[in-house]
Amino acid sequence: MLDKNFNPKDAEARLYKMWEEGGYFKPDMSKKDSFSIVIPPPNVTGNLHMGHAVNNTIQDILARYHRMTGKAVLWQPGTDHAGIATQMVVERKLATEGRARKDMSREDFLSEVWKWKEESGGNIVNQLKRLGSSCDWSRLKFTLGDPDDSQMADAITKAFVEMYEAGLIYRDKRLVNWDPHFQTAISDLEVENIEKDGHFWHFKYPLEGGETYTYVEKDEDGNVILTEERDYISIATTRPETMLGDGAVAVHPDDERYAPIVGKMVRLPLADRLIPIITDEYPDPDFGSGAVKITGAHDFNDYEVAKRNDIPMYSLMGPKGEMIASEIMPEKYVGMDRFKARKEVVADIDAEGLLIQVEDKKIMQPYGDRSGVVIEPMLTDQWFVDAEKLADEAMAKVDDGSTKFIPENWKKTYDHWMKDIQPWCISRQLWWGHRIPAWYFPKIKIENGTLSLAEEAEFDIHVDPDEGFVRMEQFYKYLDLVEASGFQFHINTAIAASREEAISKNAILELPLDITKNETQLDINSYQITIYGWRDPDVLDTWFSSGLWPFSTLGWPENTEELKRFYPTSVLVTAFDIIFFWVARMMMQGLHFMDEVPFHDVYIHALVLDEQGKKMSKSIGNTLDPLDLIDGVSLETLVAKRTRGLKNPDKAPQVEKATRKAYPDGFEAYGADALRFTLASQAGQGRNIRLSVDRIAGYRNFGTKLWSAANFGQMNECKLAADFKPSDAVTPINQWIISEAVKAVQEVTRCITAYRFNDAADAIYKFTWDTFCSWYLELTKPLLSGADGPAKDETRSTFAWTLDQILKLLHPFMPFITEELWGSLSDNRESHLIVADWPQLGDDLINQEAVTQIEWLQTLITNIRSVRADMNIPPAKKAPLLMLSGQLDPRLATYAPQLSPMARVEEVRTADTAPQGALQTVVDGVTYAIPLEGLIDLEAERARLSKAIDTAQMEIDKIDRKLSNPNFTDKAPEKVVNLQKERRAGYTAEVEKLKSAIDALG
């Protein structure tokens, strides 16, 4: 027998272990059809959050559904090495031990990171298992590969080398987001733009030689509002320290104010350099002064202007954001932090009399999402992918439907980013990551028979680790010359530990060397030279390795069986914010290396918001931990978690107060099924999820309802007969539930395949709770408690068969409770539910006559219950049911056993008219009456209804006074006013209903 209740704490761990050890998560390669999906690899440093929960719930629904439809399903799991995040975590750990990365060799530090990864880097995997994710964990991949298995590393190396040799990867000096704390380039995704209080400094840039012009300002109608002679142009900036690197001042070509001085030179304050005034479409004449200083090395917009107009770009800062020495940098500022330099620059310009005004202004400040420091646009040497060359085919494959976005509107976002694509910076100045497979060697010159090393900055790059630095072509161009001279020499190559060491060792070579004459003074006719090169110290952006994920995880560059079978993958499930950073890059790299799109569908899931509709964030203290909802958590622990790591620690008391008010008892252990079903039920396309804990509790109760129904069936010996065929059912109630099961199967199947997970959840919920538990279970009670016979046997089998269909349909959403019931309700299952056959039921099982008959019965019972409730009739009291007709409907006799308990009908008979004050209802055009005599005290009921009318009218009067008060209607927010109007309409409808009830009493 089933236990009284389902215990998720016990069952979930046990069932998951059974699935995993039984190999049910592995693809059955004997199956003809395939379904594959790659997990968006979570950061190895991460813990499960609500974004992961909804993403992996949806993936698991798809994996379990397709597994049950008989396909070989591969859900490929893995984690991302998360360069900056992981390096930060390990550096913090080392700091607690009194150690620092700067005091360690690269190899020693990486050894510490691998050690941390083995000890703590698997948390997210175990948490995904707690959610029920049915990934093939035997194939777990890591974007950085594994020290004992080089396959993933080999894939990254091969991709880099091939793209470099094809001209798609190159090294260049370009503007990037620079994090002065981590001292590395970062991606746009790692930049958080935050509105801050700032300033707009207005300065004068004097015209060369004291030249003047007439400055004319006009209003919108063209009327002159200001005319004055000026010997300067006014610029405004939020970053005065970058003025030292200005290369020009730009104005819009249509800006008449500055037309007289376009092409003139102005003196850059403090630096005493002359820079030109140019025209460009970028400046907005209506913003600030309309004149923009162009600092190409420290602003992304200025960078584009500088490139278009061939304006020089001057780098002002070093890797820590400190001002650096150069030919354009005044000595005073060298070594200053950029923000200290800002204050000094403003003060010094003011001292020169060139500060016009300081304007308070809200500015968007870019911060590193992990470092928390202000990001600096910096001109640095980096590795780039020529994304523009790869983008066209990636867009074309979406245009022709090879890959589809769901919802479709996300294609516009994809197209927008791809059409305006910039070179992709793929290098990071970190130690943790895929080391860039590039080696540098000084160039060798041979002029007039003399061999010498080139200047320090000149070098050749080789990216093939097997060939590149072993045989350098330039060494052998002159073999004929060497051999003709009779001088034999060998040039060897070696790799130094760093660039600095290589330069130092190369500097002591006895060069130049005249190779045109035989060095007869040597004892042997040979000469050996060793040239030292160095490997690029940078690592690849994690998105580069993630871009190969759909095929590198399947064994590429080897042509494995999995690669042949499961690529392209079937669908990618991800969030909208990485459409460009990940989806687009997988498209580009997949098409380049595999000549096929990496996935056929891209499903973009919703964001999970809190109950007030705000984005969840640890920094503002409104997150909900999925594991807390699954396992339960005390209030004190919840408060501690929500007040830790706040962006503004002063908000901690406010966060604590809100948490205690919203969740005074913490959370019960709702189990994984309830959380999963909640997320699925709200995962509507194009709508964000407002996560309600009450709703999770409600779906936990849904599981309890299902368990109780199964218990009821078991107590009534509802087992599936070996020879049962749903098409053989003859009892209308059974024919009806079979028909409804067919409809539910078809609807759930349609919705899952259309990625309408909320509609699928809604369909199975309604069929389970309303149709099966609330109606079928009650309708069958008279049959199951009656005498043995064919009808009872049929009902038992139909009950068991229908419950099986429910368990199958519900399994992708609530895998644990369904698997537990599946195994507990029968001793002769052919398989576990996880690999049971998905229902395939045709319209031939729909009996429309039975459906019509039971729908009539449902309407009659519902109407009787409704009118009884309106009159406050005690539920326990039965009453006769009068059919106002000359002849009794035979269905009333047929379903008398159901009407008696479900509608509290004492007897059924005909009548010509309804008794005075009887309750009445109409079903299919026929009027039914319930005499009230003996059921209620009519006078007491009239008094109750009158009192209810008075109460409602008082509320209406209060609202009317509010709505007639201009102080309220004019000053209150529109939604508050509308809410009052909606409340009034509700009370008005209630009054009308109550008056009708009084009239019915006679």
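1. Glu-192 stands opposite Tyr-367 in strand S15. Strand S7 (residues 191-206) runs alongside S15 in an antiparallel pairing over 13 bridges, where two strands pair if DSSP finds at least two bridges between them, and strands (E, at least two residues) as well as helices (H or I, at least four) are DSSP runs numbered from the N terminus.

2. A word on the basis of these remarks: this is a predicted model, in which local features need pLDDT of at least 70 and side-chain atom pairs count only at pLDDT 80 or more, while totals for chains, interfaces and linings use all residues. Residues are numbered from 1 along each chain as its sequence is written, and side-chain values use heavy atoms, with hydrogens and water left out.

3. Three strands make up an open sheet in the order S10-S7-S15, with antiparallel pairing. Because strand S10 (232-237) and strand S15 (355-368) stand at the edges with a single partner strand each, one side of each has no neighbour in the sheet. From one strand to the next the twist averages 20°, with axes being lines fitted to C-alpha atoms and angles running from 0 to 180 degrees between N-to-C directions.

4. The structure holds 42 aromatic pairs; rings of Phe, Tyr and Trp (its six-membered ring) pair if their centres lie within 6.5 Å, and planes under 30 degrees apart count as stacked, over 60 as edge-to-face and the rest as tilted. One of them joins Tyr-164 and Trp-383 edge-to-face, at 6.0 Å centre to centre and 65° between the planes. This pair links distant parts of the chain, since Tyr-164 lies in helix H6 (residues 151-165) and Trp-383 in strand S16 (residues 376-385), 219 residues apart.

5. Are these two residues buried or exposed, or partly exposed? Tyr-164 is partly exposed, with a relative accessible area of 24%, whereas Trp-383 is buried, at 0%; buried means under 20% relative accessible area, exposed over 50%, and partly exposed in between (1.4 Å probe, protein chains only).

6. Phe-677, Tyr-699, Phe-702, Tyr-765, Trp-769 and Phe-813 form one aromatic cluster. Elsewhere, Arg-829 lies over the face of Trp-822, at 3.6 Å from the ring centre, and a charge sits over a ring if NZ of Lys or CZ of Arg is within 6 Å of the ring centre and within 35 degrees of the ring normal.

7. Helix H24 (residues 757-784) bends by about 40° at Phe-772, the bend being the angle between axes fitted to the seven residues ending there and the seven starting there.
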